[in-house]
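Keep the model in view as you read.

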Amino acid sequence: MIKTFRDLEVYTESYNLMLTIHRAAKTLPVYERNDLVSQLRRASKSCPANIAEGWAKRRFEKEFKRHLDSAIGSANEMEVHIETARDLNYLSKDFCEELLDRYKKLGGKLTNLRNNWKTF
C-alpha cells in the first residue's frame, strides 16, 4: 500500500541514484566543481524532490503529472551529464553504463506512472 511518496518505487530509486551520484561527484576533478559536479548534484536531487512535491499535490491530477514530467526531464538530463563524465574519462565506462541503465529505467517507470495515474 502506498501511504507516502517514500512508498513509491520511483522515489526510492531516484533517491538512491542521487546518493550514488553525490558520492561519485566527489571524485571528479576540482575544476569541474562549479560546472559538471554542480549539474550532476542539482539534476540528481531534482528527480526525488519533484516526485515528493508532486505527491503532495496528487489530488490535482494535472499538477501531479507536471511534477512527474519535471522528474522525467531531470532523469533525461542526468543521462547527458553521465555521458559527459564518461566521455571525459572522469568516471569509468562500466559505472556510467550502469547509471545510464538505471536512469533509463527510472524514466520509463516515471512515464508509466504519469500515463496511468488516476486521481482519487
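Is Asp 69 buried, partly exposed or exposed? The model is predicted. In it, Asp 69 has a relative accessible area of 35%. That value lies between the 20% limit for buried and the 50% limit for exposed, so Asp 69 counts as partly exposed.

Asp 69 has a charged partner. Its salt bridge is with Arg 114, and the closest N and O atoms are 2.7 Å apart. Asp 69 belongs to helix 3 and Arg 114 to helix 4, so the pair ties together parts 45 residues apart in sequence. Arg 114 is also partly exposed, at 24% relative accessible area. Side chains of opposite charge can pair when their charged atoms come close.

Arg 114 leads on to another charged residue. Lys 65 is in contact with Arg 114 and Trp 117, leaving aside neighbours within four places in sequence. Lys 65 sits in helix 3, which covers residues 61-87. Why does Lys 65 count as buried? Its relative accessibility is 15%, and the cut-off for buried is under 20%. The side chain of Lys 65 also makes a polar contact of 2.9 Å with the side chain of Glu 61.

Now step back to the whole chain. It has four helices and zero strands. Read along the sequence, the pattern is α-α-α-α. The radius of gyration is 15 Å, close to the 14 Å that the globule rule gives for 120 residues, so the chain is as compact as a globular protein of that length. Along its principal axes, the C-alpha trace spans about 50 × 25 × 20 Å. Of the 120 residues, 44% count as buried. The accessible surface comes to about 7,000 Å², and 49% of it belongs to carbon and sulfur atoms.

How much of the contact set links residues 24 or more positions apart? Among contacts with a separation of 6 or more, such pairs account for 69%.

Turn next to the interior. In soluble globular proteins, nonpolar side chains tend to be buried together. Here the largest nonpolar core holds 35 residues. Ile 51, Ile 82, Tyr 103 and Leu 110 touch the most other members. Helix 1 (9-25), helix 2 (36-56), helix 3 and helix 4 (93-116) each supply at least two residues of this core.

Return to the charges. The whole structure has ten salt bridges. In one of them, the side chains of Glu 13 and Arg 102 meet at 2.8 Å, N to O. This pair links distant parts of the chain, with Glu 13 in helix 1 and Arg 102 in helix 4, 89 residues apart. Glu 13 is partly exposed, with a relative accessible area of 23%.

Which residues join in a network of salt bridges? They are Glu 53, Lys 57, Glu 63 and Arg 66. Within it, the side chains of Lys 57 and Glu 63 meet at 3.7 Å, N to O. Lys 57 is partly exposed at 26% relative accessible area. Glu 63 is partly exposed at 24%.

Conventions: Residues numbered from 1 in each chain as written. Predicted model: local features only at pLDDT ≥ 70, side-chain atom pairs only at ≥ 80, totals over all residues. Heavy atoms only, no water. Buried < 20%, exposed > 50% of the residue type's maximum accessible area, 1.4 Å probe, protein only. Polar contact = N/O pair within 3.5 Å; in protein donor to acceptor, adjacent residues only side chain to side chain. Contact = heavy atoms within 4.5 Å. Core = buried A, V, L, I, M, F, W, Y, C linked by side-chain atoms within 4.5 Å. Rg over C-alpha atoms; globule rule 2.2 N^0.38 Å. Areas by Shrake-Rupley, 256 points an atom, 1.4 Å probe, with all protein chains shown as cover. Salt bridge = Lys/Arg side-chain N within 4 Å of Asp/Glu carboxyl O.
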